Amino acid sequence: MIHEYDVVIIGGGIAGLYTALTAAQRSCRVALVSKVHVTRSHSVAAQGGIAASLGNEEEDHWEWHMYDTVKGSDYLADQDATEILAKEAPEAVITLEHLGVSFSRNKQGKIEQRRFGGHTRNYGESPVKRACYVSDRTGRAIMDTLYDRCQAIGVDMFNEVFALQLLFSNNLCCGVAAYDIASGIPQVFHAKAVVLATGGCGKIFKTSSNGFSSTGDGLALALDSMIPLEDMEFVQFHPTGINGLGILISEAARAEGGILRNGLGEQFMGRYAPTLKDLAPRDIISRAILTEIKDGKGIDGKDFVHLDLQGIGKENLAQKLPEISSFIKTYLGIDPAEQLVPVAPTCHYIMGGIPTDNEGRVLADERGTTYPGLYAVGECACVSVHGANRLGCNSLIDLVVFGQRTGQNAAAYATGKNLAPLPQQAESVVVDKITSLLDSKGNEHAATLRAEMQRLMTEKCSVFRNGEELKKALDELKQLQKRYMCIGLSSKGRVFNCELEEALELANMLKTAEAIVYSALQRTESRGAHFRSDYPERNDEAWLKHTLIALTSKGMRATYKPVSTTKFTPQKRRY
Ligand SMILES: Cc1cc2nc3c(=O)[nH]c(=O)nc-3n(C[C@H](O)[C@H](O)[C@H](O)COP(=O)(O)OP(=O)(O)OC[C@H]3O[C@@H](n4cnc5c(N)ncnc54)[C@H](O)[C@@H]3O)c2cc1C
């Protein structure tokens, strides 16, 4: 089946929805394609808030926000993009409010704001209240509002449709080949502009805060089309996942007064970040927790620490952190108002992604060549505003600010253009891919390979890394890719074949994992979330640059491009 649109967006999280709404407001015919029902995209899980220097609670300025973002990124963020993010954030939040997002309010009736990791007043002096929120359900509230708005304006939603390949016509991106999960029938989206908004890839690791659909599909689609990926070595581990499960306990819990304690009951963060303590950036806290554990100061010598929320009080917990409190009760059977919560770092966010300019246009190389008709936005994209480490609440604002710019540009590009011809084999791409998997008689299973990949990525490529282990990880990934060629499915039907979908996702994860490990191996320094124990220092002379990894006929290849440094010269990070 072939569908024709001006703009097709792959992904229905906040990035996809905001882009869709913006393009539709400019009279474009817009389709939104999502492999899960749109309202189940991972964006709904966002808890803590969205950053903007509104200054509703205390003095704040976009320049401070920009500085914190650049410093938090360990100076790898592009400062021209970061300036846009910080400058446009307040208006973006007000626009969300006008669209109908029910933000929590302070006593003056203004949008309430709270502290969040790494966000400070006056260039690092002390924490500032910059995170706007809807109790601890911020993502849900924004998603519901944008979903309603997109429905009202006539964006066509294609739920449970899985994108398999980008389509090009003479180097112009002209659509995407997909299949309908419910029926197995190929769906070709023929469009003037295509936007990738496919989210992150946290499921590559064993313990993750991400939903099951965060499997890096868009990243793999890009690699398959010879599009490079930027800064893939930078994977964020959030310090406070529920131990063993990885389910997130938002930084909001520490913003409201929660404290991390080691096995001796000490508030150990003071030793690692004397000024910001428990509200230091995530890379620093995750390393601190694992260092305490390595030194035998985990709880009872085990591999977790405690999050102490008892000081927040029952009433405040119920009012400001209801969702988190209910997770803790449901999954651990304990009351956070009276008991300590066992936590450990959990894979949370990928800073790297598909390189774009500030208008969402996908970049093909280090010289800034663009792919006409192709855009990327949200967690799957790398603008780059987060550099080597993202600050909490800066993802949601990234989605909205750059969602708007991408929507505007995709719409302007599509307006007045004709559809470029579809490549001949558009539909057979899908049929071939699906049929070869269904017909395969191999004896390997996706679930087994996935578990092995998750284990090896967690052991060899997470918070602490070194060259030797990374090399082993790369070899093991190559083995897994080989074994993937012998995968066999026990379920042969085409209707809602989850095994088929999992096999397709696994191929994407293996490719994305290789990009992460390969990039991590090249970067012989430590910066932000990328810590090499064999190169523990940051090395600006050699490495103040972005990695671009491309998949060539000879395997992965790295090139580099400079970082845009407009306002703040790199300093040693102290918190
Ligand atoms: C638990 C949790 C809490 C968080 N809390 C916060 C917070 O408080 N503040 C903050 O700033 N950030 C937070 N983050 C980060 C932030 O929520 C995410 O980075 C952001 O929501 C990603 O949005 P997105 O639109 O890019 O992608 P997603 O919301 O992940 O959506 C991806 C979309 O792509 C679709 N898709 C993927 N592959 C395919 C395919 N092959 N075919 C078709 N469709 C496909 C999916 O169906 C989905 O619709 C949190 C993240 C998590 C996991």
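Entry 1, a helix pair. In this predicted model, I looked up the crossing of helix H12 and helix H15 and found that it is right-handed. H12 spans residues 426-439 and H15 spans residues 498-522, and I noted that they pack at an angle of about 110°, with their axes 11 Å apart. Angles of 65 to 115 degrees count as roughly perpendicular, and H12 and H15 are therefore roughly perpendicular to each other.

I then asked which residues make the contact. From H12 they are Ile434, Leu437 and Leu438, while H15 brings Leu500, Ala503 and Leu504. Sorting the residues of this contact by class, I counted 6 nonpolar, no polar and no charged.

The largest cavity contains about 60 Å³ of space, and its lining is formed by Val235, Gln236, Phe237, Asp283, Ser286, Arg287, Asn389, Val463 and Ala529. Strand S11 (235-242) and helix H8 (282-294) are the elements that give two or more residues to this lining. By class, I recorded 4 nonpolar, 3 polar and 2 charged residues around the largest cavity.

Entry 3, the second largest cavity. Its volume came out at about 50 Å³, and I listed Tyr349, Met351, Ala381, Cys382, Val383, Ser384, Val385, His386, Gly387 and Asp398 as the residues that line it. The lining of this second largest cavity divides into 6 nonpolar, 3 polar and 1 charged residues.

Methods
Residues numbered from 1 in each chain as written. Predicted model: local features only at pLDDT ≥ 70, side-chain atom pairs only at ≥ 80, totals over all residues. Heavy atoms only, no water. 1 Å grid on protein atoms, 1.4 Å probe; cavity = no way out; pocket = protein on both sides within 12 Å on 5 of 7 lines; lining within 4 Å. Points joined across faces, edges and corners; volume = space filled by probe spheres on them. Helix = DSSP H or I, 4+ residues; strand = E, 2+ residues; numbered from the N terminus. Nonpolar A, V, L, I, M, F, W, Y, C, P; charged D, E, K, R; others polar. Axes fitted to C-alpha atoms, helices over the stretch in contact; angles between N-to-C directions. Parallel < 35°, antiparallel > 145°, perpendicular 65-115°, else oblique. Left-handed = near helix turned anticlockwise from the far one by under 90°. Contact = heavy atoms within 4.5 Å.
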